[in-house]
Amino acid sequence: FGKGELAEVIAFYFKHDSDYQVKALTVDGDSITDSSQDGLPIIPFEEIEGYHRPEENHMFVALSYRDVNKVRQKKYLEAKSKGYHLASYVCSKAITWPDLKIGENTFIFESNVIQPFVSIGNNCIIWSGNHIGHHAKIMDHCFLASHIVVSGGVTIEPLSFIGVNVTLRDHITVASENILGAGALIVKNTEANCVYLGTPARIKGRSEEQKRI
């Protein structure tokens, strides 16, 4: 699901570094302006089951962090309600261990170092170049940008966005629907639905008030 830059990038990775074959793109019918993109047909989401049956195909919801991941969460749930299994992907150029647990519709880019005893939930995007320490837990519908240090034992609760170069001290909890701005240093548990900036980070507003994320 999707036809923007993120969908283009994710389709590239699936094509060149997975066993999946990308057959089509799908978006809501009222947003379709062309019948194809990059050689792939664009099919209305309302009709997708008639073209690619859920029992024979997987779907991936390739949307970013808009509205603190809630737009991606909504489409993820709609795809599941249609009966689709949601594909997940771990780049062959990431460093992982055999006990890694990941959910559906989770996409892990290259150069991530993910230590033992880590779990990553459903519908998460982990961009390139992060360190995710041992016993860390990333819950559903999160988006991690690049060059983030998630220290050991950290929990990131659902619907959180972690910006580039953020550092999370060990054994803390990032509360749900947090936005952690680029370069923030988080040294203690955060409060839900808040925006944090600075080093050390402080609350700079409420996440639901942000119009550009």
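These legends describe close-up views of a predicted model.

**View 1. Eight strands form an open sheet with mixed pairing.** The strand order is β6-β8-β11-β14-β17-β20-β22-β23.

**View 2. Strands β22 and β23 form a hairpin.** β22 covers residues 194-198 and β23 covers residues 201-206. The two run antiparallel and are joined by 5 bridges. Between them lie 2 residues. Leu-197 has Arg-202 in β23 as its bridge partner. β22 also pairs with β20 (residues 179-180), here in parallel, through 2 bridges. In that pairing, Ile-179 is the bridge partner of Val-195 in β22.

**View 3. Strand β3 (residues 40-44) is largely enclosed by the rest of the structure.** The reason is burial: 4 of its 5 residues are buried, so the strand is largely enclosed. β1 (residues 25-27) runs parallel to β3, with 3 bridges between them. Leu-25 has Ile-42 in β3 as its bridge partner. β2 (residues 36-37) runs antiparallel to β3, and 2 bridges join them. Gln-37 stands opposite Leu-40 of β3. β2 and β3 form a hairpin with 2 residues between the strands. There, Asp-38 takes a positive phi near 50°.

**View 4. The largest pocket holds about 470 Å³ of space.** Its lining counts 22 residues. Nearest the centre of this pocket lie Val-22, Ala-24, His-58, Met-59 and Phe-60. α1 supplies the largest share, 4 residues. By class, the lining has 15 nonpolar, 6 polar and 1 charged residues.

**View 5. The second largest pocket holds about 250 Å³ of space.** It is lined by 15 residues, and Ala-11, Phe-12, Lys-15, Val-22 and Leu-40 are the closest to its centre. Here too, α1 gives the largest share of the lining, with 6 residues. The lining has 7 nonpolar, 4 polar and 4 charged residues.

**View 6. Tyr-65 pairs with the rings of Phe-143 and Phe-161.** The structure holds 17 aromatic pairs. The ring centres of Tyr-65 and Phe-143 are 4.9 Å apart, and their planes stand at 80°, so the pair is edge-to-face. Tyr-65 lies in the loop between β4 and α3 (70-81), whereas Phe-143 is in strand β14 (residues 143-144). The pair therefore ties together parts that are 78 residues apart in sequence. With Phe-161, the ring centres are 4.6 Å apart and the planes at 55°, so this pair is tilted. Phe-161 belongs to strand β17 (residues 161-162), so its pair with Tyr-65 ties together parts that are 96 residues apart in sequence. Tyr-65 is partly exposed, with a relative accessible area of 28%. Phe-143 is buried at 5% relative accessibility, and Phe-161 is buried at 11%.

**View 7. Ring pairs link aromatic residues into a cluster.** Its members include Phe-12, Tyr-13, Phe-14 and Tyr-20. Tyr-65, Phe-143 and Phe-161 also belong to this cluster, as does Trp-127.

**View 8. Lys-82 lies over the face of Phe-45.** The distance from the ring centre is 4.7 Å.

Note on methods: Residues numbered from 1 in each chain as written. Predicted model: local features only at pLDDT ≥ 70, side-chain atom pairs only at ≥ 80, totals over all residues. Heavy atoms only, no water. Pairing = 2+ DSSP bridges. Buried < 20%, exposed > 50% of the residue type's maximum accessible area, 1.4 Å probe, protein only. 1 Å grid on protein atoms, 1.4 Å probe; cavity = no way out; pocket = protein on both sides within 12 Å on 5 of 7 lines; lining within 4 Å. Points joined across faces, edges and corners; volume = space filled by probe spheres on them. Nonpolar A, V, L, I, M, F, W, Y, C, P; charged D, E, K, R; others polar. Phe/Tyr/Trp six-rings, centres within 6.5 Å; stacked < 30°, edge-to-face > 60°. Lys NZ or Arg CZ within 6 Å of the ring centre and 35° of its normal.
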